[in-house]
Each structure stands twice: as C-alpha cells, then as structure tokens.
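Keep the structure open while you read.

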Amino acid sequence: QVHLVESGGGLVQPGGSLRLSCEPAESVWSVGQMAWYRQTPGKQRELVALIHHDGPKYADFAKDRFIISRDVAENTMYLQMNNLKPEDTAVYYCNANVWVAEWTPARYYWGQGTQVTVSA
C-alpha cells in the first residue's frame, strides 16, 4: 500500500495563487504518470492535469492558469494554480502510477485530497 500525501491547499481570494504538492509517504521504486483531479459535492471527479514522459496535459479550464510539474528524483508532483476563480473551489486529489518495488506491477494510487477554497 502506498499513501500519497498532498499539501498546499487552503483559502485564497479570487485572483490569488496556490501551489499544491504530492509525494508518496513511503519509499518506492519508481513513479510513472502523475495527475491532479478535483471534485466538488455532487459532481464526478474530473481531471485537472497530468504529467508523463511525453509532457503535461491540461483540462481546458486549467490551460493558461495552472502549471503541473514534477521532481522525478523526489517523486514529487506540483500544481501551481494562478488567477484562481471561485469555480476552482474543490477537493484536489493526487493520482499516481507507482511501482512499490522493481518486481511488482505498477498500480494507481490516490491521495486523501486537499481542500482548495476560492472566496472573497
């Protein structure tokens, strides 16, 4: 079992910025694709952005405002969110494809989520 730990959420005013982080709590052999999702009450979880060997991909609402990046050596992923809007309010979840050990198959894991609230 791998626990992905997110941090960086909080309350911010419209137009403000936040930087989310995600990393495995345990030592792992390797991490492949990493992604951020978000969810609001009553709605399905939606993809915000993902990053893999062929580069980042963004949901339309995230383009030009959010930047996904990762530190491969530290297996850490970041989401820089700029010009935040009230409609960005959601719980943001980290998702990662993780090899616990070299001889184990990769599995996708979820973090526990971090709340982002954009309000005046």
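## Aromatic pairs

How many aromatic pairs are there by the ring rule, under which rings of Phe, Tyr and Trp (its six-membered ring) pair if their centres lie within 6.5 Å? The count comes to two. Before going through them, a word on the source: this is a predicted model, where local features need pLDDT of at least 70 and side-chain atom pairs count only at pLDDT 80 or more, while totals for chains, interfaces and linings use all residues. Residues are numbered from 1 along each chain as its sequence is written, and side-chain values use heavy atoms, with hydrogens and water left out.

(Planes over 60 degrees apart count as edge-to-face, under 30 as stacked, and the rest as tilted.) Tyr37 belongs to strand β4 (residues 30-39) and Trp110 to strand β10 (residues 107-110), so the contact ties together parts that are 73 residues apart in sequence. Strands here are DSSP runs of E, at least two residues, numbered from the N terminus.

Trp110 also pairs with Tyr93, with centres 6.5 Å apart and planes at 90°, so that pair is edge-to-face as well. Tyr93 lies in strand β9 (residues 90-99), so the pair links parts that are 17 residues apart in sequence. Put together, ring pairs join Tyr37, Tyr93 and Trp110 into a cluster.

Is Tyr93 buried or exposed? With 14% relative accessibility, Tyr93 counts as buried. Tyr37 is at 22% and counts as partly exposed, and Trp110, at 38%, is partly exposed too. The cut-offs are under 20% relative accessible area for buried, over 50% for exposed, and partly exposed in between (1.4 Å probe, protein chains only).

## Charges over rings

Elsewhere, the charged end of Arg19 sits over the ring of Tyr78, 4.0 Å from its centre. The rule asks for NZ of Lys or CZ of Arg within 6 Å of the ring centre and within 35 degrees of the ring normal.

## An open sheet

Four strands make an open sheet in the order β1-β3-β8-β7, paired antiparallel. Strands pair if DSSP finds at least two bridges between them. At the edges are β1 (4-7) and β7 (66-71), each pairing on one side only.

β7 meets strand β8 (residues 76-81) in the antiparallel sense over six bridges. Arg70 stands opposite Met77 in β8.
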